[in-house]
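The following report concerns one protein chain and is meant to be read beside its sequence and model. Please keep both in view while reading.

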Amino acid sequence: MIVPQESINQYIPHRQPFIMIGSLVSVTAERFESEFFIEEDNVLVEDGCFTESGLLENIAQTCAASFGFLDREEVGEPKIGFIGAMTKVEVYELPPINSTIRTIVVPLHQLGNIYLVKGESFVEGRILLGCEMKIVVTQ
């Protein structure tokens, strides 16, 4: 683990109760990986499961934290980003509370400050959700 849960807010602009990422497991320019434990009182839990919106936000925050980690290594301060678009969203399963999801994001293309990424979330090796996002990072 390269960024533990107690330090994650140094890399993302989000604050409780809307932090949907636990820790960064690994970050390279080619691949980001995070973990997140779903608690019962999470604002994006419904009927005992983490929602599709929660999974998408987890992927977006994995991007934010990872880009922030890479920026801090390069220029000293994380940049702010936002979701420009989501496509190819496929939901397979929703994870129950008290489970840990693992999220993998692969940057596919970059055009200036716009990144196309592919994100997937898993629980116990089963895919939960996959999508592509366009992430715009401030310059």
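Rings of Phe, Tyr and Trp (its six-membered ring) count as a pair if their centres lie within 6.5 Å; planes under 30 degrees apart are called stacked, those over 60 edge-to-face, and the rest tilted. By this criterion, a search of the whole structure finds four aromatic pairs. The model is a predicted one, in which local features need pLDDT of at least 70 and side-chain atom pairs count only at pLDDT 80 or more, while totals for chains, interfaces and linings use all residues. Residues are numbered from 1 along each chain as its sequence is written, and side-chain values use heavy atoms, with hydrogens and water left out.

**Aromatic cluster**

A pair of aromatic rings is described by the distance of the centres and the angle of the planes. Two of the pairs are set out below.

| Pair | Centre to centre | Angle between planes | Class |
|---|---|---|---|
| Phe32 and Phe67 | 5.2 Å | 80° | edge-to-face |
| Phe67 and Tyr115 | 4.5 Å | 40° | tilted |

Phe67 in helix H1 and Tyr115 in strand E7 are 48 residues apart, and their pair links distant parts of the chain. Phe32 lies in strand E2 and Phe67 in helix H1 (residues 52–75), so the pair of these two ties together parts that are 35 residues apart in sequence. Helices (H or I, at least four residues) and strands (E, at least two) are DSSP runs, numbered from the N terminus. Together, ring pairs link Phe32, Phe67 and Tyr115 into a cluster.

Residues are termed buried under 20% relative accessible area, exposed over 50%, and partly exposed in between (1.4 Å probe, protein chains only). Both Phe32 and Phe67 are buried; the relative accessible area of Phe67 is 10%. Tyr115 also counts as buried, at 18% relative accessibility.

**Overall architecture**

The protein chain has one helix and eight strands, and its elements run β-β-β-β-α-β-β-β-β from the N terminus on. Its radius of gyration, taken over C-alpha atoms, is 14 Å, close to the 14 Å that the globule rule gives for 139 residues, so the chain is as compact as a globular protein of that length. The globule rule is 2.2 Å times the number of residues to the power 0.38. Along the principal axes, the C-alpha atoms fill a box of roughly 40 × 30 × 25 Å.

Of the 139 residues, 44% count as buried. Contact means heavy atoms within 4.5 Å. Among contacts with a separation of 6 or more, 62% are between residues 24 or more positions apart.

**The sheet**

Six strands form an open sheet in the order E1-E2-E6-E7-E8-E5, with antiparallel pairing. Strand E1 (23–28) and strand E5 (81–91) stand at the edges with a single partner strand each, so one side of each is left without a neighbour in the sheet. Two strands are said to pair if DSSP finds at least two bridges between them.

Strand E2 (residues 31–37) pairs with strand E6 (residues 100–111) in the antiparallel sense over six bridges, and Thr100 in E6 is the bridge partner of Phe37. Pairing of E6 and E7 is likewise antiparallel, over nine bridges, with Gln110 opposite Tyr115 in E7. The hairpin of these two strands has two residues between them, and Gly112 takes a positive phi near 65° there.

Strand E7 (residues 114–123) and strand E8 (residues 126–137) pair in the antiparallel sense over ten bridges; Val123 has Arg126 in E8 as its bridge partner. Ser121 is placed in strand E7 and is buried, with a relative accessible area of 0%. Leaving aside neighbours within four places in sequence, Ser121 has contacts that include Leu55, Asn58, Ile59 and Arg102.

**Backbone features**

Gln16 and Pro17 are joined by a cis peptide bond with omega of about 10°, and Pro17 is found in the segment before E1. Asp47, in the loop between strand E3 (45–46) and strand E4 (49–50), has a positive phi of about 50° although it is not a glycine. Asp47 counts as exposed at 82% relative accessibility. Lys88, found in strand E5, is another residue other than glycine with a positive phi, near 50°. Lys88 counts as exposed at 60% relative accessibility.
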